[in-house]
Amino acid sequence: MKKWLLVSISLLLMFAAVGCSKSESVNSDGKKTITMWVHISDENEEGKVYKKRVEAFNKKYAPDNIKAKIEFIPRSGNGGGYEDKVNAALTTSTLPDVITLDGPNTAAYAKSGVIAPLDEYVKDQEDLLPSIKQQGTYKDKLYAIGVSESSVGIYYNKRMLQEAGVDLNTLPTVDNPWTWDQFLALCKTLKDKYDKPAIDMQLQSKDEMLTYALTPFVWSADGDIISKDGKKAEGVFNKKPTVEALTFIQTMLKEGYTTRTPVKQAFETEKYPMKISGVWTVTDMKTNYQKVDYGVIPYPVSPKTKKLVSPSGSWQFAMTQTSENKEWAAKLVDWMTNKDSNVELSRTIAALPVRYSSEKVMAKEFSDQMNVFLKQLKETGHARPVTPAYPQVTRAFQQTIDDISFYDQNKDIQKVLDTHAKEMQSAIDKAN
Amino acid sequence: MSKIGWKENRGVYTFLRPEERTKNKTRWKENVVAYTFLGPALLLLSMFLVIPSIMSVYYSFTDYYLLTPDMRKFVGLDNFINLFQDPIFLKSLVNTLEFVVWVIPLQIGAALGLALLLNKQRKANTFFKVAYFSPVVMSLVVISVLWLYLLNPNEGIINNVLTYFGISAQPFLTSPKQAIFTIVVVSAWQGAGFQMLIFLAGLQNIPGDVYEAAQLDGINKWQRFMYITLPLLKPTSIFIFITTLIGAFKLLVQPMVMTQGGPVNSTMTVVYYIYQTGFTDRMVGYASSIALLFGTIIGLVTITQRKLVKEDED
């Protein structure tokens, strides 16, 4: 009896000890280990690329006795799963050396001291695309580097446009975009021909896609969501440019050019001639809807400014403040986002590169559609607002869109904007 | 040796008779056995319920931000003051109350109706029981996704049927006026099977001779239901009422999957708002204060309800 008790108690203590000890940064064989958490599954194409790149890293730095270890913690829908694990690790201070984080989280993580600035270690920042730097920078310091880039454009069905009498050669390009009025005229032609919404603007999605896809309209009108220093939403968001942009969206709805309740996969199954969507739809079209002959045009622009702006941003790599091997952690971040990693990822999935050097390589390999995205991104990409209160800011924006889409109940756009700008402002004030 | 037969009690030794001694010893032994059995359950309960509850009460008076757990400070009643000025919280409270007020009569009424039908019906009884009960065992997420397809404004089967009969297609989940009622109906449909089974058990416990005696007095069916079935079902009904009420207050999954709280916050519930402020906005302190306030409200409602029922009995 006593012996049994003794054994079980010592076992318990052993587990407890193991549970408490932080993963050692130096292995028994004298190798330093850099651990990294990523938000996707190792069965995913993207995950496989990461794994390969980590193996290459280990091979290259084997003489330095460095070993990187990658852990796959797939996220669910809204970032749950992975982010839960990061949050839990924060309370117990068991974060790894390198983590991945979504673009808009940069400010919150940097402000809270979860991630550390990379400037001291990553010297070659000139090669990074401006949108990537913008996304990863908080208070003039670079904290994170994008895994890949992403963008949104307008997909159109070539056959349906031609049958409606549209000359495809007159369609806009990144160098010569259309104004909102020209775009409305195109929508009218298509609506008259097919008696269906001309475009799926993804207004039914009540998530980040709404912010991602629709903020460029505000930016194009020379408006903004929050001020550049991230301190003001009132007096920035509820201004005339936003009213103009939202009036355009409301007109699209009122005229029946788009709808709050689109038919599922309407563009992919050739029911609607156009759809606003991200680069990822290219992969979807390639694998699931090969028969559809489609093209991509850039965002329409405000008739006043004629300024083309497009969304950008994706998940990124960053090193943690608690890392004991900052030099090597930063090296790993740099490695995972370098030209080779970038090109490999872009070749595997429809992802845009984050560097000028890799962009040059990919521009030659990409399809026409992908190149529209690439050019639009390189020249006009705009990162989402950088603020620790991003979750509330993006939700307030989504609710603004939701509100104004009920145009008969919310005729006064300015009033809607005032309400939500106030919400944003109070969240920003609390967070700063 | 001199202490044998003495029981220590705050340092005072009193003499115990031998039989009492053995009694105490067995009682002690029994206690040890009982606590050993209770142990694991108590441990888990305190780990996952008691301790977290106490912690969240504490957090509700702090400015705990999810990413900086070590930097939280005590802020007194600030969270609660903000709470009463938070339009979304107030809206979610109204929505939740609205949901409760509608779903309780609908769900319990449906459950009672089904139970009465099944109690009479002998043919294929098991089939119907399984049919009505199956939504209860299905995952709420699955149910919600299923209804999303049924209620789809364009391709959904329900709207197709409606238009076939000449009724215009309804927006259901995409209209701020209809969304919460749609969720009421879906929730009642999903949950009623459980209450139905309990009612059924209650019905079968009513002794047959009461009905026989009443029949001799020549009562009609309606009187039979009103004066015999319903009063005798009272204990069952009270149990069902309280559990359904508490369950209804906790509404989360259906709006989360079906409407994401929209359109225009018309289906934002308190529990969903707690989740959103705590995990999306990372304001754990604020979320805890909502949880504490809401817990208190549910507690008060339940206590009032118990009191009313008791007074009724007297």
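Which residues in α3(B) meet which residues in α10(B)? In this predicted model, T96(B), F99(B), V100(B), V103(B), I104(B), Q107(B) and I108(B) of α3(B) meet I240(B), F241(B), T244(B), L245(B), A248(B) and F249(B) of α10(B). Two residues are in contact if their C-beta atoms, placed from the backbone, lie within 7 Å. The contact of α3(B) with α10(B) divides into 10 nonpolar, three polar and no charged residues. Ala, Val, Leu, Ile, Met, Phe, Trp, Tyr, Cys and Pro count as nonpolar; Asp, Glu, Lys and Arg count as charged; the others, Gly among them, count as polar.

Residues are numbered from 1 along each chain as its sequence is written, and chains are lettered from A and ligands numbered from 1 in the order in which they are written. Local features need pLDDT of at least 70 and side-chain atom pairs count only at pLDDT 80 or more, while totals for chains, interfaces and linings use all residues.

Two packed helices are described by the angle between their axes and the distance between the axes. Helix α3 of chain B spans residues 87-120 and helix α10 of chain B spans residues 234-249. Their axes come within 9 Å and cross at roughly 140°. Axes are lines fitted to C-alpha atoms, for helices over the stretch in contact, and angles run from 0 to 180 degrees between N-to-C directions. The crossing of α3(B) and α10(B) is right-handed. A crossing is right-handed if the near helix is turned clockwise from the far one by less than a right angle, and left-handed if anticlockwise. Helices (H or I, at least four residues) and strands (E, at least two) are DSSP runs, numbered from the N terminus.

The contact between the chains takes 16 residues from chain A and 16 residues from chain B. On the side of chain A that touches chain B, α3 (82-91), α4 (106-111) and α15 (390-405) of chain A give two or more residues. The largest share, four residues, comes from α15(A). By class, this side of chain A has seven nonpolar, five polar and four charged residues.

Chain A is divided into domain 1 (26-150 + 313-382) and domain 2 (152-310 + 389-431). Domain bounds come from an automatic or database domain assignment. The C-alpha centres of the two domains of chain A lie 29 Å apart. Their contact takes 19 residues from domain 1 of chain A and 18 residues from domain 2 of chain A. On the domain 1 side, α4, α14 (368-380) and β13 (381-382) of chain A each supply at least two residues. The largest share of that side, nine residues, comes from α14(A). The domain 1 side divides into 11 nonpolar, six polar and two charged residues.

An open sheet of four strands runs in the order β8-β9-β7-β10 (chain A), with mixed pairing. β8 and β10 of chain A stand at the edges, each with a single partner strand, so one side of each is left without a neighbour in the sheet. Two strands pair if DSSP finds at least two bridges between them. β7(A) (residues 152-157) is mostly covered, with six of its six residues buried. A residue is buried if 20 or more other C-beta atoms lie within 10 Å of its own, exposed if 12 or fewer, and partly exposed in between; C-beta atoms are placed from the backbone. β7(A) pairs with β9(A) (residues 274-278) in the antiparallel sense over five bridges. In β9(A), G278(A) is the bridge partner of V152(A), and I276(A) is that of I154(A). β7(A) also pairs with β10(A) (residues 294-297) in the antiparallel sense, over four bridges. Here Y294(A) in β10(A) is the bridge partner of N157(A).

Q316(A) sits in strand β12 (residues 315-319) of chain A. Q316(A) is buried because 26 other C-beta atoms lie within 10 Å. Beyond residues up to four places away in sequence, Q316(A) touches T100(A), L101(A), G103(A), Q135(A), G136(A), A144(A), I145(A), G146(A) and V147(A). The C-alpha atoms of Q316(A) and I145(A) are separated by 5.2 Å, although the two are 171 residues apart along the chain.

Two loop residues have positive phi. S93(A), in the loop between α3 and β3 (98-102) of chain A, has phi near 40°, a positive value in a residue other than glycine. S93(A) is exposed, with 12 other C-beta atoms within 10 Å. D195(A) lies in the loop between α7 (180-194) and β8 (199-200) of chain A. Phi of D195(A) is near 55°, again positive in a residue other than glycine. D195(A) is exposed, with 8 other C-beta atoms within 10 Å.
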